Amino acid sequence: MFTLCWRHPFCHNADLSMGHTLRLAFQTLGVVFGDVGTSPLYVFSGVFIEISEPTKDDVLGALSLILYSLVLIPLIKYAFIVLRANDNGEGGTFALYSLICRYAKVSLLPNQQPADAYISTFKLKLPTPELERALIIKECLEKYSILKTLLLILVLIGSSMLVVDGILTPAVSVMSAMRGLKEPVPDFSEDVVLMASIAFLVILFSIQRFGTSKVGVAFGPALFIWFLSLGAIGLYNILSYDKSVFRALNPLYIYYFFERNPSQAWLSLGGCMLCITGAEAMFADLGHFSVRSIQIAFTCLVFPCLLLAYMGQAAFLIKNPSRAGEAFYASVPAGAFWPVLVLATFAAMIASQSMISATFSCIKQSMALGCFPRLKIIHTSKRFMGQIYIPIVNWFLMTFCILVAVTFKSTSKIGNAYGIAEVGVMMVTTVLVAIIMVLIWQTNVFLALSFLVLFLAIELIYFIAVLIRVGDGSWFPLVFASVILLVMYIWNYGSVLKYQSEVQTKVSMDLMLELGSNLGTIRVPGIGLVYNELVHGVPAIFGHFITSLPAIHSTIIFVCIKYIPVPFVSQSQRFLFRRVCPKNYHMFRCIARYGYKDFHKEDHQAFEQLLIESIEKFIRREADELSLESGDDYNLESEDEAKDPRSAGASNGSIDSLEAPLMAGYRKSSQYFAHQESQQEASTSSGLPPSVMSTDDQSLEYELSIINRAKESGVVYLLGHGDIRARKDSWFFKKLVINYFYAFLRKNCRAGIATLSVPHTNLLQVGMTHMV
C-alpha cells in the first residue's frame with residue numbers, strides 16, 4: 001500500500017539508512033514522476049505535427065533532440081544541481097525565495113526581527129567577509145527596492161505558471177490517455193474522446209476532497225509497473241523494428257534535422273520540450289521525500305525506462321512513418337494494448353493528482369507569504385500535515401480544465417500551452433538557483449554564469465519555439481498567468497501598504513505612559529487578545545478599542561501571527577514574548593511564528609491554553625533572569641525598538657525554552673514606580689508581611705495571580721477590521737488598484753475571523769480605515 005510520506009523537516013539533515021532511502025525512492029514514483037512518466041503518450045505526435053511522414057534521418061534527429069533534452073534538463077540540472085538548493089528539505093519557487101530572504105533582507109514586508117534567526121531552521125552560515133562578491137550582491141539586493149520588487153515579480157511569475165500547470169496537466173494527460181480508445185475502435189470520434197475525458201476530469205476533481213492518501217493508495221505500485229512497461233515495450237520495439245536508433249546518441253543528427261527542415265524543425269521544438277515536462281516536480285515535491293531518494297528513483301528507473309520508451313517509438317516510426325500522430329498506442333504490441341491503456345489511464349490520473357496537489361501547496365505558501373488572498377484550507381490527513389485541499393481552487397481548476405479541453409479539443413494545441421507554462425517555471429527556477437549559487441553557495445562566478453547561460457539559453461529556445469505558435473494555444477497560459485500574477489501582486493502591494501500605514505499610525509509609548517496603568521478607562525478581569533500585524537509598538541486599532549469600549553481587560557496580549565521564511569517552526573519555538581509598557585499595565589506582546597508550510601493545528605481553546613501557559617513560563621523566566629541582574633533593569637518593549645526593528649532583541653542574546661529573548665532599554669523612572677507598586681500589592685494579596693516574602697517573589701506571585709484571575713474571567717478576542725483607501729492626492733493608477741481591485745479581493749477573500757477560528761461569542765470588532 002502506498003501512502004504519501006510527509007517527513008519532518010529536520011529529518012532531511014539526518015543520515016537515512018539505505019533501506020529507508022529505497023522505500024522513499026519507490027514512493028517517489030507515485031508523487032514526483034507521474035507527469036514526466038506520461039510524456040511518451042504525446043511527445044512524438046507533437047514533434048511531427050508539421051511533418052506528416054518523417055524520414056529515418058528526421059526520426060533520428062528528433063530522437064536525438066529528445067534524448068539530450070532529457071539528459072540536460074531533468075538529469076543534470078534538476079537531479080544533480082537544483083535539488084541541492086532546497087530550503088531545509090523543501091523545494092519549489094517559494095522555497096528558493098524564502099532561502100534568499102533569509103540571507104538578504106529582500107522581503108517587501110518590513111516585519112523581520114533578529115530573534116527569528118534563533119529558530120533552528122533559520123540558522124545559516126552568512127557570506128564571509130573574504131568573499132566580497134557575495135556581500136556586494138547581498139547589499140545591492142537590500143539597498144535597491146527595485147531589485148526587491150523584480151525578485152518578487154519573478155517568484156510570482158513562476159508561481160502563476162505553476163497554477164496554469166495545474167489546469168493544463170490534467171487536460172493534456174487525460175485526453176492523451178483517452179485517445180488510446182481510437183486505436184482498437186477507429187469509429188470513436190473526437191467528440192466521444194472529448195466527452196470521456198471530461199467525465200474522467202469531473203471524477204478526478206470530485207475525489208480531491210478525500211485527500212491524497214486516499215486517492216493515491218496504489219500510486220507507487222501503479223507507476224512502478226507503468227515505467228517497467230514503458231521500458232519493456234521500448235526494448236521490444238527496438239529489437240523488432242530497427243536497432244539503428246542508438247545512432248541518435250550522436251548529437252550531429254540534431255544539426256542534420258534542422259538543416260533539412262529549418263522551419264518545421266523549429267516548430268517541432270514545441271513538441272520536443274514536452275519530454276521534460278514534470279522535471280520541475282522533482283524539486284517542487286522534494287518536501288515529501290529526500291534528495292537521495294529522488295536521485296535514485298530517477299537515475300535507476302525513470303530515466304532508463306524513458307530512454308527505452310522513446311527509442312522504441314522511434315524504431316517503430318522508422319518503419320511506420322505514417323503513424324507519427326499516434327506513435328505511442330500504435331507501437332504497443334496487440335496483446336498488451338488493453339493492459340497498457342488501463343495503466344496509461346492510471347498514470348494520467350497520477351500525473352494530474354500530483355500537479356493538483358502541487359497547486360494547492362503553492363497557493364497555501366503564497367497566502368503564508370502575503371501574496372494571495374485568504375482562502376479556506378482543509379487538512380485532509382491528521383497524520384500527514386502536507387496533505388491539504390482548497391475547495392474553491394479545486395473547482396476553479398476543474399472548471400478551467402474542462403474549458404481548455406472543450407476549447408482546444410486537440411492534445412497538440414493543449415501541449416503548446418502546457419509547454420509554455422512548464423518552460424516559464426523552469427526559467428524562473430534557473431535564475432533563482434543562479435542567485436543562490438553566487439549569494440549563498442559562494443560558487444565560482446564562472447561556474448554560476450555557465451549554469452545560468454547554458455540552461456537559460458536552452459529554456460529560452462524552447463520558450464520562443466512554443467511562443468511562435470501562440471495562435472495554437474500558447475496564448476492561454478500567457479493570459480491566464482498574467483491574471484494570476486496581477487491578483488498576487490495587487491494583494492501583496494495592498495498588504496505592504498496596509499502594514500506600513502499601521503506602523504506609521506501606531507500609538508506612541510509616551511501616550512500610553514501618560515494614560516497610566518488604567519489606560520484612561522476601567523480595567524475589568526479578563527484577558528483581551530488584540531490581533532494585529534505589528535511586531536513592534538501598540539497598533540492604532542487599540543486606541544479605537546479604548547475610546548469605543550467602556551472598559552478594557554485587566555490583561556492585554558497583542559497577538560501577531562507572523563510567517564517566517566522557513567518551512568516549519570517547531571512548537572517549542574512558536575511564541576516570542578515581550579512586555580508592552582511597565583509591569584503594572586499587564587500588557588504583553590506575543591508573536592506567534594509559523595513557517596510557510598505550517599498550519600494552525602490548535603482550535604481556539606487549545607491555543608488559549610497554550611498561550612496562557614507560555615505567558616506564565618515567560619514571567620517566571622523573566623523573574624529568574626532579573627534576579628541575576630540589577631534591581632531596576634527590567635524587560636520592556638521600548639520605543640527605540642519599535643522605530644528600529646533591527647535592534648529588537650539584540651540587547652540580550654539569551655533565549656529561553658520558549659525562544660523569548662528578554663529586552664532592555666526603557667524609561668527607568670516609570671519602571672521604578674511600577675516595581676515599587678507591584679511590591680506593595682504582592683505583599684498585600686499574599687497575606688504575608690514583606691519580611692517573609694522576598695521582593696522578587698512578591699512581584700512574581702502578584703503578577704501570576706493577576707493572570708490566573710484574568711484566565712478565570714475568560715478570554716475575549718479584539719479584532720480590528722482594517723480597510724485601506726488611497727489618499728485623494730494619490731495618482732490615478734494607485735487609486736484604481738487600491739480602491740477597486742484590492743478592495744474587491746479583500747471583500748471576497750476569507751475573513752480573518754474564519755481564518756483564526758475565533759468564536760463569535762468571544763469576539764469584539766472595531767472598524768478602521770487606513771489612508772495610504
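Strand β4 (residues 551–564) and strand β6 pair in the parallel sense over nine bridges. Two strands count as paired if DSSP finds at least two bridges between them. Strands are DSSP runs of E with at least two residues, and helices are runs of H or I with at least four, each numbered from the N terminus. This is a predicted model: local features need pLDDT of at least 70, side-chain atom pairs count only at pLDDT 80 or more, and totals for chains, interfaces and linings use all residues. Residues are numbered from 1 along each chain as its sequence is written, and side-chain values use heavy atoms, without hydrogens and water.

Stay with β6. Cys560 stands opposite Ile591 in β6. Strand β5 (residues 575–579) also joins β6, by five bridges, and these two run antiparallel. Here Phe575 stands opposite Ala592 in β6.

How many residues of β6 are buried? Nine of the nine in β6 (residues 587–595) are. Buried means under 20% relative accessible area, exposed over 50%, and partly exposed in between (1.4 Å probe, protein chains only). In a regular strand the side chains alternate between the two faces of the sheet. Both faces of β6 are covered. One side holds Met587, Arg589, Ile591, Arg593 and Gly595. The other holds Phe588, Cys590, Ala592 and Tyr594.

Now turn to the surface. Phe26, Phe224, Ile225 and Leu228 form a nonpolar patch there. Helix α10 (residues 219–240) gives the most to the patch, with three residues. Phe26 sits in helix α1 (residues 18–31). Phe26 is partly exposed, with a relative accessible area of 33%.

Terms used:
Patches are made of residues with over 30% relative accessible area and no salt bridge: like charges are joined within 9 Å, nonpolar side chains (Val, Leu, Ile, Met, Phe, Trp, Tyr) within 5 Å. Accessible areas come from the Shrake-Rupley method with a 1.4 Å probe; for residues, only the protein chains shown count as cover. A salt bridge is a side-chain nitrogen of Lys or Arg within 4 Å of a carboxyl oxygen of Asp or Glu.
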